[in-house]
Amino acid sequence: MGQEYFINSQELEDKVRQLLPSQGGAGAGFDLSASTQVIPIIDLTESAEGSNVRQDLQTAFSLTSITAFNVVNTTTTLVNNTGYFRVFGANYINVGGNNTIQVTDGVTTKIIYFVNGATTSFRNFFDFIVFLGAGESITATSTASSNGLVGCTRQLADIDGNLVNPL
């Protein structure tokens with residue numbers, strides 16, 4: 001059996017009233033206490049939020065949750081919805097031109113991935129997460145017919161950060 005201690009802290013009591021109004025937030029008196037007894041805590045947050053899928057499984061790929069792209073000698077819009085998106089794939093360059101992935105709002109453009117193949121042929125992989133606000137999009141550009149970007153996009157969460165399950 002553990003020992004119990006009473007805590008007198010106006011700051012803690014105010015926080016409990018703010019976070020748990022049904023537990024005394026309406027002005028009823030209550031005491032805070034601490035105990036040396038170990039009490040197991042079960043986190044029911046996922047079930048309470050309506051999701052029973054583990055977070056890592058919510059980011060899985062499925063036939064309908066990914067959008068494939070193959071950009072060669074052109075500019076293509078990869079994503080133009082709001083939220084958090086994973087962009088992954090491979091870049092290939094055969095001497096000449098360059099490959100770029102950028103975020104734009106139609107006025108300002110920020111490059112998030114750039115490979116210049118002016119003197120060297122090579123291949124490499126990319127994998128990153130991008131947040132898009134209203135009016136923003138992710139575009140990919142390849143500037144030569146011997147260069148390209150091949151990959152997929154997957155929405156991980158909506159604009160508010162709520163995870164998106166694979167369909």
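**Exercise 1. Determine which strands each supply at least two residues of the lining of the largest pocket, and describe that lining.**

Solution. 
Step 1. In this predicted model, strand E4 (75–79) and strand E10 (148–157) each contribute at least two residues to the lining of the largest pocket.
Step 2. E10 provides the largest share, namely three residues.
Step 3. The volume of the largest pocket is about 200 Å³. The lining comprises 15 residues, and those closest to the pocket centre are Ser65, Thr67, Phe85, Arg154 and Gln155.

**Exercise 2. State the order of the four strands in the open sheet and identify the edge strands.**

Solution. 
Step 1. The order in the open sheet is E3-E10-E5-E8, with antiparallel pairing.
Step 2. An edge strand pairs on one side only; here this applies to strand E3 (66–71) and strand E8 (122–132).
Step 3. On average, neighbouring strands of this sheet are turned by 15° against each other, direction ignored.
Step 4. As a general principle, the strands of a sheet pair through backbone hydrogen bonds. Between strand E5 (residues 83–93) and E8, which run antiparallel, there are eleven bridges.

**Exercise 3. Explain why strand E6 is described as largely enclosed, and name the strands to which bridges join it.**

Solution. 
Step 1. Buried means under 20% relative accessible area. Strand E6 (residues 98–104) has seven residues, of which six are buried; therefore the strand is largely enclosed by the rest of the structure.
Step 2. For reference, buried residues amount to 30% of the 167 residues in the protein.
Step 3. Seven bridges link E6 with strand E7 (residues 109–116), and the two run antiparallel. Within this pairing, Gln102 has Ile111 as its bridge partner.
Step 4. The hairpin of E6 and E7 has four residues between the strands, and Gly106 in this hairpin adopts a positive phi near 95°.
Step 5. E6 is also joined by six bridges to strand E9 (residues 137–142), again in antiparallel fashion. Here Val103 stands opposite Ile138.

**Exercise 4. State how many helices and strands the protein contains, and in what order they occur.**

Solution. 
Step 1. The protein has three helices and ten strands.
Step 2. Read from the N terminus, the elements follow the order β-α-β-α-α-β-β-β-β-β-β-β-β.
Step 3. Among contacts with a separation of 6 or more, 74% involve residues 24 or more positions apart.

Key: Residues are numbered from 1 along each chain as its sequence is written. This is a predicted model: local features need pLDDT of at least 70, side-chain atom pairs count only at pLDDT 80 or more; totals for chains, interfaces and linings use all residues. Side-chain values use heavy atoms; hydrogens and water are left out. Two strands pair if DSSP finds at least two bridges between them. Axes are lines fitted to C-alpha atoms, for helices over the stretch in contact, and angles run from 0 to 180 degrees between N-to-C directions. On a 1 Å grid over the protein atoms alone, a cavity is a set of points where a 1.4 Å probe fits but cannot get out, and a pocket is an open set with protein on both sides within 12 Å along at least five of seven lines; lining residues have an atom within 4 Å of a point. Grid points are joined across faces, edges and corners, and a volume is the space filled by probe spheres set on the points. Buried means under 20% relative accessible area, exposed over 50%, partly exposed in between (1.4 Å probe, protein chains only). Contact means heavy atoms within 4.5 Å.
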